[in-house]
Amino acid sequence: MDGIGFIQDLAIVLLAAGAAGLLCRKIGLSVIVGYLLAGVVVGPFTPPFSFVSNIGNINMLSQVGLVFLMFAIGLGLSLSRLAKMGLPTILATGLGAFFVVNLTRLLGIAAGWSYLESAFVAGIFVVSSSAVIAKIISELHLSHELFAQRAMAVTVMEDIVAVVTMTVLASLTGDGSGGTSIPGMLAVMGAFVVLLVGGGLFLVPRMFRRLGDTSAEPELQTIVVAGLLFLLAISAAKAGYSLALGAFLLGAMVAEMPQKKSVENSFAGMRDVFSSVFFVSIGMMIDPSLLVKAWPWI
């Protein structure tokens with residue numbers, strides 16, 4: 001029965017996304033707005049329209065959607081492009097984080113917040129959504145513009161900042177290993193990324209060549225890439241990082257290979273379906289009553 005319930009929730013999410021997205025397109029808004037509003041309407045916090053109430057299913061849908069969305073982002077922003085943008089991207093991300101964190105601390109002092117409250121608000125402000133930025137860039141057909149690629153690179157770097165921020169906040173609340181320094185966490189994360197990328201660049205091209213040597217059909221290539229996608233995403237999650245990190249890194253690796261175009265074409269449909277699922281799922285997590293209470297601060 002759980003399987004039937006999940007399929008039912010997925011059907012509701014897709015139909016709501018389609019209807020809301022079409023409406024927003026007609027009035028000139030981004031479909032992201034429609035997806036989020038559709039999630040709010042059908043989610044568990046908006047009776048009597050709570051068509052989807054299983055929080056576990058909502059989380060599962062958002063995670064699957066995030067994996068496909070970040071893989072698509074990685075395909076559009078290869079490792080070589082990231083390397084070319086290296087120093088300016090790192091400086092922009094670092095300066096942005098520095099100013100936002102310190103200005104938020106000043107805001108916290110003025111508002112009478114505790115150090116921990118200020119730290120959590122700074123954690124919210126310091127990170128942009130790479131998923132939202134990528135979707136907007138795609139809608140505006142700016143994927144090949146240098147400024148759009150640089151903006152995308154900065155938001156991907158901010159995803160790494162987000163992982164460090166969450167780890168630090170967990171240690172402040174007593175949920176993490178408070179004995180680990182921030183430079184230590186960065187070193188471990190850097191080693192993980194290097195290991196993952198190094199192993200991927202060694203194995204993935206060989207796997208693609210083997211598929212090509214055996215005259216494999218395109219569907220087999222799609223199946224293998226999808227399996228690798230979930231494997232790397234799970235590896236990142238098991239290591240204590242976001243699913244998005246592993247999915248993005250695989251996309252960036254595949255973007256360096258001759259098969260990039262065929263992989264991009266075969267995953268286009270899944271990307272569109274699951275990116276809408278991701279945004280609707282985020283909308284379903286929004287409690288309108290909390291928005292009303294927090295509206296002055298928002």
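A crossing of two helices is termed left-handed if the near helix is turned anticlockwise from the far one by less than a right angle, and right-handed if clockwise. In the predicted model described here, H3 passes H12 in a left-handed crossing. The axes of H3 and H12 lie 7 Å apart, at an angle of about 140°. This value makes H3 oblique to H12, because an angle has to be over 145 degrees to count as roughly antiparallel. By class, the contact of H3 with H12 comprises 17 nonpolar, 4 polar and 3 charged residues.

Confidence was examined for the chain and for its elements. The mean pLDDT of the chain is 78, with 84% of its residues at 70 or more. Among the elements, helix H2 (residues 31-42) has the highest mean pLDDT, 90, and helix H4 (residues 79-84) the lowest, 67. Where pLDDT is low, predicted coordinates should not be read in detail.

Helix H3 (residues 55-76) also packs with helix H11 (residues 243-254), at an angle of about 30° and with the axes 7 Å apart. H3 and H11 are therefore roughly parallel to each other, the limit for this class being under 35 degrees. Their crossing is right-handed. On the H3 side, the contact is made by Gln63, Leu66, Val67, Met70, Phe71, Ile73, Gly74 and Leu75; H11 contributes Leu243, Ala244, Ala247, Phe248, Leu250, Gly251, Ala252 and Val254. The residues of this contact divide into 13 nonpolar and 3 polar, with no charged residue.

A further helix pair is formed by H2 and helix H12 (residues 260-284), whose axes come within 6 Å and cross at roughly 45°. H2 and H12 are therefore oblique to each other, and the crossing is right-handed. The residues of H2 that make the contact are Ile32, Tyr35, Leu36, Ala38, Gly39, Val40 and Val42. Those of H12 are Ser276, Phe279, Val280, Ile282, Gly283 and Met284. Here the division is 10 nonpolar, 3 polar and no charged residues.

One of the aromatic pairs consists of phenylalanine 68 and phenylalanine 230, with 5.6 Å from centre to centre and 80° between the planes. The arrangement is edge-to-face. Phenylalanine 68 belongs to helix H3 and phenylalanine 230 to helix H10 (residues 218-238). The two residues are 162 residues apart, and the pair thus links distant parts of the chain.

Technical notes: Residues are numbered from 1 along each chain as its sequence is written. This is a predicted model: local features need pLDDT of at least 70, side-chain atom pairs count only at pLDDT 80 or more; totals for chains, interfaces and linings use all residues. Side-chain values use heavy atoms; hydrogens and water are left out. pLDDT is the predictor's confidence in each residue, from 0 to 100. Helices (H or I, at least four residues) and strands (E, at least two) are DSSP runs, numbered from the N terminus. Axes are lines fitted to C-alpha atoms, for helices over the stretch in contact, and angles run from 0 to 180 degrees between N-to-C directions. Angles under 35 degrees count as roughly parallel, over 145 as roughly antiparallel, 65 to 115 as roughly perpendicular and the rest as oblique. Contact means heavy atoms within 4.5 Å. Ala, Val, Leu, Ile, Met, Phe, Trp, Tyr, Cys and Pro count as nonpolar, Asp, Glu, Lys and Arg as charged, and the others, Gly among them, as polar. Rings of Phe, Tyr and Trp (its six-membered ring) pair if their centres lie within 6.5 Å; planes under 30 degrees apart count as stacked, over 60 as edge-to-face and the rest as tilted.
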